[in-house]
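This report is written for a reader who is meeting a protein fold for the first time. Please keep the sequence and the structure in view while reading, and look up each residue as it is named.

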Amino acid sequence: MIAQPYQLYIERRDPRRNMARFYALSIEETLFGRARLARRWVRVGTIGRTVQHSFDDEGDAVHLFLELLRAKRDRGYRLRSAPRHVEAAPSR
């Protein structure tokens, strides 16, 4: 059983290079009780690629999760900033 949910969504944007990419990671439990690390990467607005890794031990999945995160941060990926909410005009 997975001790806690692991989910991450990071982006890399560079308008000068026409770059807009995201990378998503999550660790989930399979129907057989194994840990599964799912990762998805894509240029924003396209379908992209998905790869899944299965592990007998949750610790191994967390280790790969953190290793991938470190590599992506080194390449310029950052957490997506929270969207700004526009307040609606009061109704009459």
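## Exposure of R13 and its partner

The model shown here is predicted, and the description begins with a single residue. With a relative accessible area of 52%, R13 counts as exposed, because the cut-off for that class is over 50%. The side chain of R13 meets that of E11 in a salt bridge, with a distance of 2.9 Å from N to O. E11, by contrast, is buried, since its relative accessible area is 11%, and the class of buried residues takes in values under 20%.

## Other salt bridges

How many salt bridges are counted in the model? The count comes to four, and the pair of R13 and E11 is one of them. Another joins the side chains of R16 and D14, at 3.6 Å from N to O. Here R16 is exposed, with a relative accessible area of 78%, whereas D14 is buried at 13%.

R34 and D56 also form a salt bridge, in which the closest N and O atoms are 3.0 Å apart. R34 lies in the loop between β2 (19-29) and β3 (35-43), while D56 lies in the loop between β4 (49-55) and α1 (58-74), so the pair ties together parts that are 22 residues apart in sequence. R34 counts as partly exposed, at 34% relative accessibility, and D56 is exposed, at 67%.

## The sheet as a whole

In which order do the strands of the sheet lie? Five strands form an open sheet in the order β4-β3-β2-β1-β5, and their pairing is antiparallel. The edge strands of this sheet are β4 and β5, each of which pairs on one side only.

Strand β1, which covers residues 6-14, pairs with β2 over nine bridges in the antiparallel sense, and within this pair D14 stands opposite M19 of β2.

Seven bridges then join β3 to β4, which run antiparallel. Two examples of facing residues are W41, whose bridge partner in β4 is R49, and A38, which stands opposite Q52 in β4.

## The hairpin turns

The hairpin of β2 and β3 has five residues between its strands, among them G33, which takes a positive phi near 85°. The hairpin of β3 and β4 likewise has five residues between the strands, and G45 in its turn has a positive phi of about 100°.

Which residues form the positive surface patch? The patch is made by R17, R21, R43 and R75. R17 is found in the loop between β1 and β2, and R17 counts as exposed, because its relative accessibility is 54%.

Conventions. Residues numbered from 1 in each chain as written. Predicted model: local features only at pLDDT ≥ 70, side-chain atom pairs only at ≥ 80, totals over all residues. Heavy atoms only, no water. Buried < 20%, exposed > 50% of the residue type's maximum accessible area, 1.4 Å probe, protein only. Helix = DSSP H or I, 4+ residues; strand = E, 2+ residues; numbered from the N terminus. Pairing = 2+ DSSP bridges. Patch = residues over 30% accessible without salt bridge, like charges linked within 9 Å, V, L, I, M, F, W, Y side chains within 5 Å. Areas by Shrake-Rupley, 256 points an atom, 1.4 Å probe, with all protein chains shown as cover. Lys, Arg positive; Asp, Glu negative; His and termini not counted. Charge placed at Lys NZ, Arg CZ, Asp CG, Glu CD.
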